[in-house]
Amino acid sequence: MANWIEFAAIKRAVPLAAVLERYRINGLRRSGQNQLRGRCPLHGGEGRETFHVNTAAQVFHCFSCGAGGSVLDLVAAIEGCGVRAAAEKLSEWRSLLGDLAPPQKPTVTKKTRSVPPLRFRLRGVDVRHPYLASRGIRAATASEFGIGFYAGPGLMSQRLVIPIEDEAGRLVGYGGRSLDGSEPRYRFPAGFGKSRVLFNLHRAAATGQATVIVVEGFFDCLKVYQAGFGSVVALMGSALYEPQRRLLVQRFRQIVLMLDGDAPGRRAAAVVAARLSADCSVRIVPLAANSQPDQLSEQALQEVLERKGGQPETQ
Ligand SMILES: [Zn+2]
């Protein structure tokens with residue numbers, strides 16, 4: 001019961017427009033007295049008008065992906081967290097948002113709660129499994145990343161396991177890829193907070209470079225790494241969650257976005273670039289239709305990534 005009251009109070013206290021501003025979602029335009037419309041910041045999407053906000057009723061709705069609800073639902077979707085965690089976040093902001101000050105200052109210093117380290121490590125992972133070679137992953141890369149086939153018991157049984165480390169290099173989870181076509185294609189441990197982790201961030205940060213390449217998948221990341229670009233991270237999907245955005249902008253000044261060359265990848269790149277461009281310079285590397293970084297040869301990757309000239313997409 002106490003939670004009900006708290007939720008309701010938060011919904012009243014924090015204007016949806018302030019949340020949009022806080023997350024730098026500023027491509028929406030006014031339409032009517034209490035309406036904002038624009039491209040959906042959650043799913044990207046082709047439509048320039050699918051995302052509607054009613055600032056008086058304090059609700060939003062996307063007519064394309066179906067997302068919608070209150071400020072709490074919006075924060076939960078952006079942060080990749082539950083409604084309860086969103087409420088906690090909003091109540092932390094409430095005092096800061098009291099005077100609706102611009103979002104630049106205080107909350108930025110607050111650290112993203114990190115994912116707890118795993119208490120175990122899988123044993124007997126075969127880093128020389130032939131699947132790796134079939135995807136163009138060299139034995140040395142597989143060893144370095146600890147990627148291989150796991151035949152033992154449990155959730156990851158009979159899957160290719162990919163250790164996922166946090167920004168400090170601590171193991172926080174595994175991605176388990178099925179090799180026999182069984183669903184889901186990727187499996188993660190229960191409670192694994194994908195939204196708060198970037199695959200390979202600790203190695204990318206250790207290069208000391210100001211530039212990082214951002215890709216979608218594990219294999220994209222591995223192939224770019226093998227091509228000689230150590231400063232590369234994977235989103236583990238095409239969405240950039242707010243905690244992931246913070247991890248990036250805290251460490252890097254330039255971001256090279258190389259998402260998949262299909263329509264969803266291109267739309268996602270536009271959305272992700274917009275979210276990053278307030279803090280970093282962003283360059284989008286467009287790939288040929290329906291190609292993904294992991295399908296490109298090392299030479300092709302080097303060509304697209306080192307291509308000089310051309311302005312950054314956004315500044
Ligand atoms: Zn949407």
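Predicted model: local features only at pLDDT ≥ 70, side-chain atom pairs only at ≥ 80, totals over all residues.

Colleague: Which atoms coordinate the zinc ion?

Modeller: The donors are C40 (SG), H43 (ND1), C62 (SG) and C65 (SG), at 2.0 to 2.4 Å. The cut-off for a donor to zinc is 2.8 Å, and these distances fall inside that cut-off. In sequence the spacing reads C-x2-H-x18-C-x2-C.

Colleague: Why is the arrangement around the zinc ion called tetrahedral?

Modeller: The four donor atoms subtend angles of 95 to 128°. Four donors need all angles between 85 and 135 degrees.

Colleague: What does T50 touch?

Modeller: Leaving aside neighbours within four places in sequence, T50 is in contact with G38, C40, H43, H61, C62, F63 and S64. T50 is placed in the loop between strand 2 (35–38) and strand 3 (51–54). At 16% relative accessible area, T50 is under the 20% limit and therefore buried.

Colleague: Now the rings. How many aromatic pairs are there?

Modeller: The count comes to eight aromatic pairs. One of them is F145 with F199, 6.0 Å centre to centre and 40° between the planes.

Colleague: Why is the pair of F145 and F199 called tilted?

Modeller: The centres must lie within 6.5 Å, and 6.0 Å passes. Planes under 30 degrees apart are stacked and over 60 are edge-to-face. The angle here is 40°, so the pair is tilted.

Colleague: What does the pair of F145 and F199 tie together?

Modeller: F145 lies in helix 6 (residues 139–145), and F199 lies in the loop between strand 9 (186–187) and helix 7 (201–206), so the pair ties together parts that are 54 residues apart in sequence. F145 is buried at 2% relative accessible area. F199 is buried at 1%.

Colleague: What makes F188 and F192 a stacked pair?

Modeller: Their planes are 10° apart and their centres 5.5 Å apart. Stacked needs under 30 degrees, so the label holds. F192, at 13%, counts as buried, whereas F188, at 26%, is partly exposed. One aromatic cluster is formed by F145, Y186, F188, F192, F199, F218 and Y225.

Colleague: How do you know that helix 8 is largely enclosed?

Modeller: Nine of the nine residues of helix 8 (residues 218–226) are buried, so the rest of the structure largely encloses this helix. Among them are F218, F219 and Y225. Just after helix 8, G228 takes a positive phi of about 105°.

Colleague: Why is L257 called buried?

Modeller: Its relative accessible area is 0%, so L257 is under the 20% limit. L257 lies in strand 12 (residues 254–257). Its contacts beyond four places in sequence include V214, A269, V272 and I284.

Notes. Residues numbered from 1 in each chain as written. Heavy atoms only, no water. Helix = DSSP H or I, 4+ residues; strand = E, 2+ residues; numbered from the N terminus. Buried < 20%, exposed > 50% of the residue type's maximum accessible area, 1.4 Å probe, protein only. Donors = N, O, S within 2.8 Å, 3.2 Å for Na, K, Ca; no water. Tetrahedral: all angles 85-135°; square planar, octahedral: opposite > 155°, others 65-115°. Contact = heavy atoms within 4.5 Å.
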